[in-house]
Amino acid sequence: MVESRQQEKKRFFDLADRLARSTDAAEQERLKEELARMTFGE
């Protein structure tokens with residue numbers, strides 16, 4: 001259980017990092033939606 005939370009946390013930060021570096025508006029929107037899903041659920 002702890003390991004899966006660690007993996008989820010890493011994935012969240014990877015996505016947040018990509019969002020911060022992205023210059024493509026479509027990719028930014030997709031990443032924001034993915035982060036929102038991870039944070040708030042479906």
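Modeller: A contact means heavy atoms within 4.5 Å. This is a predicted model, in which local features need pLDDT of at least 70, side-chain atom pairs count only at pLDDT 80 or more, and totals for chains, interfaces and linings use all residues. Residues are numbered from 1 along each chain as its sequence is written, and side-chain values use heavy atoms, with hydrogens and water left out.

Biologist: Which residues does Ser22 touch, not counting those up to four places away in sequence?

Modeller: Ser22 touches Glu27 and Gln28.

Biologist: And where does Ser22 lie?

Modeller: Ser22 is in the loop between helix 1 (2–21) and helix 2 (25–40); helices are DSSP runs of H or I, at least four residues, numbered from the N terminus.

Biologist: Is Ser22 buried or exposed?

Modeller: Ser22 is buried, its relative accessible area being 10%. Buried means under 20%, exposed over 50%, and partly exposed in between, with a 1.4 Å probe and protein chains only.

Biologist: What does the side chain of Ser22 reach?

Modeller: The backbone nitrogen of Asp24, at 3.2 Å.

Biologist: Turning to aromatics, how many pairs are there?

Modeller: Rings of Phe, Tyr and Trp (its six-membered ring) pair if their centres lie within 6.5 Å; planes under 30 degrees apart count as stacked, over 60 as edge-to-face and the rest as tilted. By this rule there is one aromatic pair. Phe12 and Phe13 form it edge-to-face, 5.7 Å centre to centre with 85° between the planes.

Biologist: What is the relative accessible area of Phe13?

Modeller: For Phe13 the value is 49%, partly exposed; Phe12 is also partly exposed, at 28%.

Definitions and conventions
Helices (H or I, at least four residues) and strands (E, at least two) are DSSP runs, numbered from the N terminus. A polar contact is a pair of N or O atoms within 3.5 Å; within protein, one must be able to donate a hydrogen and the other to accept it, and residues adjacent in sequence count only if both atoms are side-chain atoms.
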